[in-house]
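Try each task before reading its solution.

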Amino acid sequence: MTAQPTQTGKIVISVDAMGGDSGPSVVVAGIAKSAKKNPEIGFLLHGPENVLSKLVAKRRVLDGRVVFRDCGDVVTMEDKPSQVVRSGKNTSMWSALESVRQGEAHGAVSCGNTGALMALSMMRLRKLPGVNRPAIAILWPSRNPQGFNVMLDVGADVRADAKDLLQYALMGASYARNGMALNRPRIGLLNVGTEEHKGRAELKEAHAMISEFADRANFEFVGFVEGSDIPGDKADVVVTDGFTGNVAIKTGEGTASLIGDLLREAFKYSPLSRLASVLAITSLQRLKKRIDPRRVNGGVFLGLNGTVIKSHGGADATGVSAAIKLAFTLAQSGFAEKLAARVASTAELEQDAAQSAPQTEK
């Protein structure tokens, strides 16, 4: 371990340098991009110091802004979460989370194995009191003025009962307030139709619970929404179980990739179409930036005693920088503390609802 440089007043982000598909060089390039954009960020970098120190030394913008945590083991994409929990103490992922647990960093970022990261996060940081199942929240490009919608859960747990979905709504609303500056976010519950009689029993129960708590929790409940509303402007936060959310996000990624391939193919079809692509280059670049998944790279683990951002395993420097920016933004807003207070209020809201229920039945 090297001596810690002076980082007074900086928001420190703990970064697992070894989890990505492209290795630590891309992660270091990503933190350098973040450092260049924001002088208020400091970094704890976890991995083999002899490798990382050489990469950091090539980036002058990182001078005096990186503390190394030397660890020789790496969590691979093939490792089972249970295996990592048992024997992963010397890994860069474990170390990155431990820095948050010890209060050395305001949040952690990793490109590594999602299942292992969630399992270790739950073990080292623990769930917030009252949270049954943590959730992963992502930003989805949308027609809303803010340009993105929040969607959760997208894969932390394939199951979710009515109470879990209520907690997701509360946590999603808090995320939208602190990450997107929406004072009164609109919450939608994903279903196979917008009619209240449709859907599974737990969805109907969740609909009633979320509707009951909306005013007191300071969000607007727009009711059931459909898959077409995920990128729409009907809701700011879309709530669903992890199985459905994960299928939706993977479908969206695949569709975006297909559209990109078809556009390139269409513009290569003839000399005239190639000319058209040159004439439309500015609009195409604007479209590419608008739907670029790297700009919103980073799923937030909600419901834990600390902020953890899961970056895409295949993220490039731009994607890593975006994940770090998200961690910085949430830390700057005091999101972890505000979320803990919001979850704690769930019990009070439930008590209020329980007390008022007999009166409404009369």
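**Exercise 1.** Decide whether K325 is buried or exposed in this predicted model.

*Solution.* Start with the relative accessible area of K325, which is 57%. The cut-off for exposed is over 50%. K325 is therefore exposed.

**Exercise 2.** Work out which residues make a nonpolar surface patch, and state whether L279 is buried or exposed.

*Solution.* First, list the side chains: L272, L275, V278 and L279 make this patch. Its area is about 470 Å². Then place L279: this leucine lies in helix 9, residues 271-279. Last, check its accessibility. L279 reaches 71% relative accessibility, so it counts as exposed.

**Exercise 3.** Classify C71 as buried or exposed, do likewise for C111, and state how many disulfides the structure holds.

*Solution.* Take the cut-off for buried: under 20% relative accessible area. C71 has 8% relative accessibility, so it counts as buried. C111 has a relative accessible area of 3%, so it is buried too. Now count disulfides. A disulfide is a covalent bond between the sulfur atoms of two cysteines. The count for this structure is zero.

Key: Residues numbered from 1 in each chain as written. Predicted model: local features only at pLDDT ≥ 70, side-chain atom pairs only at ≥ 80, totals over all residues. Heavy atoms only, no water. Disulfide = S-S within 2.5 Å. Buried < 20%, exposed > 50% of the residue type's maximum accessible area, 1.4 Å probe, protein only. Patch = residues over 30% accessible without salt bridge, like charges linked within 9 Å, V, L, I, M, F, W, Y side chains within 5 Å. Areas by Shrake-Rupley, 256 points an atom, 1.4 Å probe, with all protein chains shown as cover. Salt bridge = Lys/Arg side-chain N within 4 Å of Asp/Glu carboxyl O. Helix = DSSP H or I, 4+ residues; strand = E, 2+ residues; numbered from the N terminus.
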